[in-house]
Amino acid sequence: MKIAVEVKISNNGFVFNSKTGDSFNLNPFGLELIKNIQAGKDFDFIKKEMLEKYDVDDLTFEKDFYEFCALLKHHQILEQGDPLDFN
């Protein structure tokens, strides 16, 4: 997964896509997820880190992570590739 080059992410969770003109505000959890994706960390690393840091179970995290990634792809925040590839 890779964040599109047109996307800018502030440290307070404001996300702006200059290609579409869309902007979003992320909560702290979403910001941490997107920063990990931006840093090129893989799913297993992100999952381990988030499960240690937050009170969330394994299945809930996986479901929420894949839904979050689907939203990022829908809004052209993540570069488009294979729609079933979340890696």
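## Where H2 meets H3

Phe 43, Ile 46, Lys 47, Met 50 and Leu 51 of helix H2 are in contact with Asp 58, Phe 61, Glu 62, Phe 65 and Tyr 66 of helix H3, where contact means heavy atoms within 4.5 Å. By class, this contact of H2 with H3 holds seven nonpolar, no polar and three charged residues; Ala, Val, Leu, Ile, Met, Phe, Trp, Tyr, Cys and Pro count as nonpolar, Asp, Glu, Lys and Arg as charged, and the others, Gly among them, as polar.

Please keep in mind that this is a predicted model, in which local features need pLDDT of at least 70 and side-chain atom pairs count only at pLDDT 80 or more, while totals for chains, interfaces and linings use all residues. Residues are numbered from 1 along each chain as its sequence is written, and side-chain values use heavy atoms, with hydrogens and water left out.

The axes of H2 and H3 (residues 58-74) lie 11 Å apart at an angle of about 125°. H2 and H3 are therefore oblique to each other (angles under 35 degrees count as roughly parallel, over 145 as roughly antiparallel, 65 to 115 as roughly perpendicular and the rest as oblique).

Lys 47 sits in helix H2. Lys 47 counts as buried because its relative accessibility is 14%; buried means under 20% relative accessible area, exposed over 50% and partly exposed in between, with a 1.4 Å probe and protein chains only. Setting aside neighbours within four places in sequence, Lys 47 touches Asp 58, Phe 61 and Glu 62.

## H1 against H2

Helix H1 (residues 28-38) and helix H2 (residues 43-53) have axes that come within 11 Å and cross at roughly 155°. That makes H1 roughly antiparallel to H2. On the H1 side, the contact is made by Phe 29, Glu 32, Leu 33, Asn 36 and Ile 37, and on the H2 side by Ile 46, Glu 49, Met 50 and Lys 53. These residues divide into five nonpolar, one polar and three charged.

## The sheet

Three strands make up an open sheet in the order E1-E2-E3, with antiparallel pairing; two strands pair if DSSP finds at least two bridges between them. Strands E1 (7-9) and E3 (23-25) stand at the edges with a single partner strand each, so one side of each is left without a neighbour in the sheet. From one strand to the next, the twist averages 15°.

Strand E2 (residues 14-17) pairs with E3 over three bridges, in the antiparallel sense. Val 15 stands opposite Phe 24 in E3.

Methods: Axes are lines fitted to C-alpha atoms, for helices over the stretch in contact, and angles run from 0 to 180 degrees between N-to-C directions. Helices (H or I, at least four residues) and strands (E, at least two) are DSSP runs, numbered from the N terminus.
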